[in-house]
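Take a look at the structure below.

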Amino acid sequence: MELQGHRDIDASPAEVWIALLDADVLKACVPGCQEMTGSAEEGFEAVVVQKVGPVKATFKGAVQITDMVPEKSCTISGEGKGGPAGFAKGGADVTLSPNEDGGTRLSYEVQAKVGGKLAQLGSRIIDGFAKKMADQFFERFQTALEGEAEEPDAPPEEKKKGWLKRLVS
Amino acid sequence: MPKDGGIGASSKRREDLRFLTGRGKYTDDINLQNQTHAYFVRSDVAHGTINSIDTSAAEAMPGVLRVFTAKDFEAVGGIPCGWQITDRHGEVMQEPKHPVLAEGKVRHVGDPIAVVVAETQAQARDAGEALDIDITELPAVIDMRDALKDGATKVHDDLTSNLCYDWGFVEENRDAVDEAIKGAHHVTTLELTNNRLVANPMEPRVAVGDYDFSTDEHTLYTTSQNPHVIRLLMGAFVLGIPEHKLRVVAPDVGGGFGTKIFHYAEEAFCTFAAKEIGRPVKWTSSRSEAFMSDAHGRDHVTKIELALDKDGNFLALRTDTLANMGAYLSTFAPSVPTWLHGTLMAGNYKTPLIYVNVKAVFTNTVPVDAYRGAGRPEATFQLERVVDKAAREMGIDPVELRRKNFITEFPYATPVAVEYDTGDYHATMDKLLEMSDHAGFDTRAAESKKNGKLRGFGISHYIEACGIAPSNLVGQLGARAGLYESATVRVNATGSISVMTGSHSHGQGHETSFAQVVADMIGIDESQIDIVHGDTAKTPMGMGTYGSRSIAVGGSAMVKATEKIINKAKKIAAHLLEASDADIELKDGAFSVAGTDKSVAWGDVTLAAYVPHNYPLEDIEPGLEETAFYDPANFTYPSGGYGCEVEVDPETGKVTVLGFYAADDFGNIVNPMIVEGQVHGGLAQGIGQALLENCAYDAEGQILSGSYMDYAMPRADDLPMFNVDHSCITPCTHNPLGVKGCGEAGAIGSPPALVNAVIDALQRGGHDVTHIDMPLSPDRVWAAMNG
């Protein structure tokens, strides 16, 4: 399956880029991620627990970031083996472009594939699942950078910064 | 008056008492002392290189006794194929090795890689999940057309291509058929797919292996339709165990439908591992495992052309078929699209020229083999669809076009090498039209139209060939087995009888119907007869049950053995009655001297045979036990007219089957109730194929409909009340019972009738739709209606 989308993030491309390559950020943003170690250059090792339809599994796998053009684009690809549940693999082409308001438009094209029991039992729901995973990831990523959605009438200076932004600014 | 016993009586199925009260004894009910459990670790990719298998973590897990991989099977043979096809160029088919466990490469999702044997099923499974198997995924070939392209990925590196064979039949007719089609007044062409099916017997496969060190005897309990065939294939070709040291038992089996004919790796594994481990080894398939390890059915892609003259007479027929073999050759896979398919292409019609081309193709999918009907449903589907299409194109009523071309004189030698002994196709067509109130269709269609629905009626008139035979002929055609059947009739001293048959019952009710035959011949009560089957230690070498052969071949062997019994018993009776044995008559369980009131009861004669005090010992041996092997002279040819009435909802494309009518000619009938049940089951499976079932793969070779969430089995509310009839009888001329067989007819005749009915409904509704591939899901029907 394939899906694409974009998010407007209230952070500069440089901030988004740093976050995108950070193991802790990825761990916090990948739904069901239990462990994430390594680095963007060396590759990450990840453990993710997920339930696809009737199949719940622990996926152990590697995440690679390739084709890195700093602050502009990269390809994130991963493959997870879920033991008896089968496997899942996929990738996202991510492009960052500055918005007029100083923020960043993060565009993505995601491909996902599953095999083994996941395909046998879950193929009917895999598209919806992949979309949910992508939405959750980018939602969390956005939150990590921007903070929780502010009260509409709260003054701008009181806006809570995202935990990452607090870290880097 | 219906009979209350013997041949022709609807005796209640005696086996149902145990089946319906939960007392059946299936293979999974067998638990041997000290038994261990096997868990198969299977490939989750369709094609890949096995780089390494690290068993150390799994071996250290609790309860694990041993982990097996391909290297444990280096000394044993591969799983054999039972039929060798010679292609149209005189070359034998390409036959790849089929290892028990994958060697170096995996070739389909579900291909077994390793097996863990542990104390409990759960421990074996846990350890299986801990195995570290490193596989590099390779590109897979799934679509048959892609597999035949130049440069396509090869399923087997050591073969020249993915083409198993290119079969032409009858090759000598090829040019003449081409010529006839070229010059014909009208040619109807149809391209169609016969959808891949998963057999899904209610009972999944199970194997229990056992080894007795004291006697050096192996025993395999397995869910098989033919235990002797498994013993022969596994003993001689895989494990090298002589037959006298190998016993195969197939106890109660919960449905087979063909998929339990074949010899599977799990059977060889459990037999082999039991000796290695020194304890019994049991494997029980899960339903998920069945979807990726039971041989699948059908999966043909065909182009068929029918040439007609201006009056609608059939002149010539040509077919081009791609038949999917899957990744390995299952036991009888090569025979299904060839000898079980090409020979049936004449159908009920006197088409003078026929040419059938079949290319069998390897793909990275589960092996495909016989499934209820095996080749004959594929033949019937093409033929009955193209005849229907031709009728519509030429503006001739589909019933009349069929009638015009029906074979009416028997015996009839077809241009595809078989000779129909008997049949009366007009009679079954008449019966069908009467049963289905064909004359009242227009009124019903008008009623449907008022309700916003489209009603259609479709016909199919099938031929099938059962009881494949004779052995010397099938040997020439490439069979690596004989196709006789055997029976031993053992009369006990007090007159009760045990019949040991080589046939196997897995839902067919042989224990009842076979007993009826013997009871009828002797004139004693059916309760005096027991049918013993499914154990190589108890029954004579027999070929088992498939291809609707049991009553025609197994029943005939039993008749022959019973005739020998009666002949000998008459001699004993003659002695007791002090008469000539030529004057002895057997009636209602008593022997009498013709023209006198002198008689002796069956039980007195049998007692004399075993307590031979007053006995002609100098002329005949004591005892009363006879064996017969029966090798038929020809196939049997059941036929019938099937009709289907449907309503299509134009808003959603949903097809509702309103009525299904089957007028079959099965020759003589032993138990009408059982025959009716067999037809009902066949119809459910045929309608399932036409309307619901489809085994779908994605482009990478993952099974997409691999569970009952996505693989739609027919359910009661998908089916109408069936209306079936078997009163049209033309007895088979070459077996002693005059029977033809009824097990597969329902699945053979029904899919084209249903599709023809839907096309009829759509065309009556003004839609220019000439074909929809099965299954006719609402989605496909709606898409066809809406361009």
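**Where the chains meet**

Chain B puts 13 residues in contact with 13 residues of chain A. Two residues are in contact if their C-beta atoms, placed from the backbone, lie within 7 Å. On the side of chain B that touches chain A, 5 residues are nonpolar, 4 are polar and 4 are charged. Here Ala, Val, Leu, Ile, Met, Phe, Trp, Tyr, Cys and Pro count as nonpolar, Asp, Glu, Lys and Arg as charged, and the others, Gly among them, as polar.

Some ground rules. This is a predicted model, in which local features need pLDDT of at least 70, side-chain atom pairs count only at pLDDT 80 or more, and totals for chains, interfaces and linings use all residues. Residues are numbered from 1 along each chain as its sequence is written, while chains are lettered from A and ligands numbered from 1 in the order in which they are written.

Now take chain A. It holds 5 helices and 7 strands. Helices (H or I, at least four residues) and strands (E, at least two) are DSSP runs, numbered from the N terminus. From the N terminus on, the order is β-α-α-β-β-β-β-β-β-α-α-α. Chain A has 169 residues, and 35% of them count as buried. A residue is buried if 20 or more other C-beta atoms lie within 10 Å of its own, exposed if 12 or fewer, and partly exposed in between; C-beta atoms are placed from the backbone.

Turn to chain B. Its domains are domain 1 (35-138 + 200-293), domain 2 (155-198 + 296-405), domain 3 (419-464 + 634-787) and domain 4 (484-630). These bounds come from an automatic or database domain assignment. In chain B, 28 residues of domain 1 are in contact with 31 residues of domain 2. The domain 1 side of that contact has 12 nonpolar, 11 polar and 5 charged residues.

Next, zoom in on helix α10 of chain B, residues 398-405. Which of its residues are buried? They are B:Pro398, B:Leu401 and B:Arg402. Seen down the axis of α10(B), they fall within an arc of 100 degrees (taken from the directions from the helix axis to the C-beta atoms), so they line one face of the helix. Their cover includes α9 (376-394), α11 (425-435) and β20 (454-463) of chain B.
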